[in-house]
Protein chains: 2
Amino acid sequence: MLNFEFQLPTRMIYGKEKHKEIGQILKPLASKILLHYGSNSIKKSGVYDEIIASLEENDIKFVELGGVMPNPRLTKVYEGIELCKKENIELVLAVGGGSVIDSSKAIAMGAYYEGDIWEVFEQGKAIEKALPVVTVLTIPASGSESSRGSLIRNEEKNKKLGYINSMLRPQISIINPELFFTLPKNQVANGVSDMMSHIFERYFTNTEHTDVVDGLCEATLKAIMKNGLIVYNDNCNLDAWFELGLGGTLAHNNMLGIGRQQDWACHDIEQELSGIYDLPHGAALAAITPSWMEYVYKDNINMFVQFAVNVMGVEGGYRDPEYIIKEGISRLRDFYNKLNLPSNLTELGVKNDSNLELVANMARGVGSLKKLDEKDVLEILKMSIGN
Amino acid sequence: MLNFEFQLPTRMIYGKEKHKEIGQILKPLASKILLHYGSNSIKKSGVYDEIIASLEENDIKFVELGGVMPNPRLTKVYEGIELCKKENIELVLAVGGGSVIDSSKAIAMGAYYEGDIWEVFEQGKAIEKALPVVTVLTIPASGSESSRGSLIRNEEKNKKLGYINSMLRPQISIINPELFFTLPKNQVANGVSDMMSHIFERYFTNTEHTDVVDGLCEATLKAIMKNGLIVYNDNCNLDAWFELGLGGTLAHNNMLGIGRQQDWACHDIEQELSGIYDLPHGAALAAITPSWMEYVYKDNINMFVQFAVNVMGVEGGYRDPEYIIKEGISRLRDFYNKLNLPSNLTELGVKNDSNLELVANMARGVGSLKKLDEKDVLEILKMSIGN
């Protein structure tokens with residue numbers, strides 16, 4: 001295990017009906033807030049009205065900004081920052097999934113930043129201050145509800161960049177699994193894939209003596225897969241959504257990444273690819289991950305045998321490690337298939353053209369279990385294309 | 001799963017040599033502290049000198065109070081409170097294990113409390129304020145380094161009482177596994193037993209749909225058992241101590257107890273017993289736990305089969321559940337034996353006399369998987385006596 005620090009300061013509130021208490025919960029923190037959300041689905045589901053009612057009941061003034069898109073756009077962030085400055089906003093309330101939360105975080109730091117907030121993403125600049133962010137989660141997947149990160153897409157530059165800072169960690173997050181009931185099937189599948197990937201990126205490591213955290217990763221992965229399949233086929237299953245809501249948070253609050261080198265190759269490759277193609281994040285990860293595994297497993301046979309046996313349920317024992325690993329990867333592909341996730345990037349419209357070389361060049365140097373050079377990334381992309 | 005809230009605000013710092021940075025770490029928090037510790041072992045090991053050096057280097061003034069005993073005494077708490085008031089102490093630094101940390105927490109709240117601090121324990125009174133507590137852990141077991149609780153023994157009244165309040169949670173805890181190298185074998189064994197029990201108390205539940213947290217409990221238990229045995233036989237194994245340091249914290253920061261009813265019967269019985277007999281906590285738990293399991297398993301056969309199979313490695317399948325459970329409990333006894341923990345309370349000097357009835361009376365109503373009345377507790381105690 002490596003030295004590490006660890007702290008989970010976000011107050012996580014899990015439970016039915018809990019979003020209806022939002023006004024009460026925010027009252028000690030702010031008197032005027034920005035209410036930030038994505039599509040109109042929160043209006044259709046009634047969540048919007050319930051939140052407004054609770055805010056009004058508690059005399060909390062609010063300014064609204066909806067319309068956040070997947071791969072949240074920088075232009076929307078600019079809009080939010082302007083609103084915050086003009087309206088003297090004291091807190092950003094994100095009602096949505098990872099995109100809305102990431103957008104809220106970017107707005108929260110932009111509200112105090114003098115220059116162009118994109119500089120902070122581009123140059124990894126230090127920030128001094130950010131507005132508090134509180135979230136009501138409507139899509140469990142990104143883990144952004146308790147993480148320190150924000151990922152924003154600059155649509156002009158075709159570039160998606162992340163920024164990490166403790167000040168971006170939400171103060172409070174409310175998770176009511178009932179709000180997940182109306183999610184369309186493809187979003188459920190993408191979410192499950194994203195959660196799994198957040199764990200894979202931490203789990204696959206060359207760091208040794210990592211018994212405790214290995215076990216936590218394996219247990220959380222298995223619970224996510226089991227319950228992911230349940231809600232995919234029965235989207236009003238409260239118990240399974242409860243498990244998935246918790247699993248999604250654990251997958252990305254870095255509890256499962258402590259004391260070990262983390263990999264992040266698949267996420268980094270997907271991020272570069274998404275800058276160009278604007279892909280559904282979880283679906284793209286499902287298309288890339290098995291190819292990444294096939295390409296890198298020889299660098300740490302033990303780790304991949306452990307994955308196949310402890311997570312994918314392959315019988316271990318004295319059989320050929322390569323057989324065990326390939327069976328594990330094949331079962332992972334089968335699992336993705338059950339959620340109708342793409343088996344390759346072609347299904348997502350990615351072509352075997354010069355863009356791949358561009359992505360390979362930008363993503364060179366990613367990974368840690370195996371550090372990938374430009375040629376490695378290109379090879380993984382071609383395998384993921386499936387031609 | 002039940003509704004829950006969750007937050008881990010303690011900043012946990014894990015790593016070699018980290019205690020030598022204590023002065024630097026405390027500098028932003030306080031200019032005058034109470035240095036609270038137990039026996040002279042921190043002087044023999046050199047930890048005391050290293051901490052003093054770091055405090056002096058960073059111009060932090062300190063007042064010392066050593067001599068905390070296992071089952072920390074109220075009289076020592078009074079002494080600490082008086083010192084804090086007289087010397088205008090701003091922070092309590094606990095250098096030790098659970099007893100020192102629990103004593104520090106009681107002192108920290110006593111420093112601001114007008115009346116007798118024992119009232120707070122006896123009446124579960126609300127407190128308004130407490131000094132910040134920072135810990136340097138020298139014995140991993142109690143989990144007190146990140147918990148909200150303090151357990152104090154009133155030696156005059158032969159009574160051990162606990163108190164839980166968020167304000168008691170340490171602000172920062174430093175865990176350097178090298179400091180555990182000098183622990184005597186029996187303390188290692190007691191610590192492992194205590195950690196395991198902290199998980200058992202949360203794991204065994206009638207709450208259903210608890211996949212994620214069940215898995216986390218099982219993974220942490222297995223890692224604690226594996227590494228506990230390693231350090232018991234090789235007390236300078238840094239890697240295994242690292243795992244155990246982390247396992248001990250996870251076992252009791254309530255991450256493994258979220259969303260479920262918890263039991264706590266064994267701890268509650270042990271606490272009443274220890275008020276009279278002043279027992280080594282972990283050893284007493286090892287003597288009580290298997291008997292508790294044998295007495296209550298029929299109330300939740302599925303849970304105990306799951307334990308036997310997923311934690312103790314008993315083959316599941318189509319075999320008789322009772323056989324599987326008994327084999328699981330028997331393997332747990334074998335494990336305790338490997339650590340030379342007592343197989344019954346007689347080995348700890350507890351007699352089958354009227355004291356048992358006193359304890360059974362005081363502990364009546366404990367438990368949740370099976371709520372235990374006076375007769376149940378007495379029966380478990382007699383089974384634990386081993387006669």
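**How the copies meet**

Guide: Let's start where the chains touch: 100% of the interface residues of chain B are also interface residues in chain A, so the two copies meet through the same surface. Keep in mind that this is a predicted model.

Visitor: OK, predicted. What scores does the model get?

Guide: Its ipTM is 0.94 and its pTM is 0.95. For chain A, the average pLDDT is 96, and 100% of the residues score at least 70.

Visitor: Back to the contact, then. How many residues of chain B are in contact with chain A?

Guide: There are 34 residues of chain B in contact with 34 residues of chain A. On the chain B side, E1, helix H8 (211–233) and helix H9 (238–252) are the elements that give two or more residues.

Visitor: And what kinds of residues are on that side of chain B?

Guide: The side of chain B that touches chain A divides into 15 nonpolar, 10 polar and 9 charged residues.

Visitor: You mentioned E1. Which strand of chain B is E1 of chain A joined to?

Guide: Strand E1 (residues 4–14) of chain A is joined to strand E1 (residues 4–14) of chain B by 7 bridges, and the two run antiparallel. Take Met12(A): its bridge partner in E1(B) is Phe6(B). Likewise, Ile13(A) has Glu5(B) as its bridge partner in E1(B).

Visitor: What holds paired strands together, in general?

Guide: Strands of a sheet pair through backbone hydrogen bonds, and they can be parallel or antiparallel.

Visitor: How many strands form the sheet here?

Guide: 12 strands form an open sheet with mixed pairing. Reading across, the order is E3(A)-E2(A)-E4(A)-E5(A)-E8(A)-E1(A)-E1(B)-E8(B)-E5(B)-E4(B)-E2(B)-E3(B). The edge strands are E3 (61–65) of chain A and E3 (61–65) of chain B, and each of them pairs on one side only. From one strand to the next, the twist averages 25°.

Visitor: Switching topic: what domains are assigned in chain A?

Guide: The assignment gives domain 1 (11–179) and domain 2 (183–385). Their C-alpha centres lie 27 Å apart. As for contacts, 19 residues of domain 1 of chain A are in contact with 25 residues of domain 2 of chain A.

Visitor: E7 is new to me. Which strand does E7(A) pair with?

Guide: E7(A) pairs with strand E6 (residues 149–154) of chain A, in the antiparallel sense, over 6 bridges. There, Gly149(A) stands opposite Ile164(A) in E7(A).

Visitor: And how many residues sit between the strands of that hairpin?

Guide: The hairpin of E6(A) and E7(A) has 4 residues between the strands, and Asn158(A) takes a positive phi near 50°.

Notes:
Residues numbered from 1 in each chain as written. Chains lettered and ligands numbered in written order. Predicted model: local features only at pLDDT ≥ 70, side-chain atom pairs only at ≥ 80, totals over all residues. pLDDT = per-residue confidence, 0-100. Pairing = 2+ DSSP bridges. Axes fitted to C-alpha atoms, helices over the stretch in contact; angles between N-to-C directions. Domains from an automatic or database assignment. Contact = placed C-beta atoms within 7 Å. Nonpolar A, V, L, I, M, F, W, Y, C, P; charged D, E, K, R; others polar.
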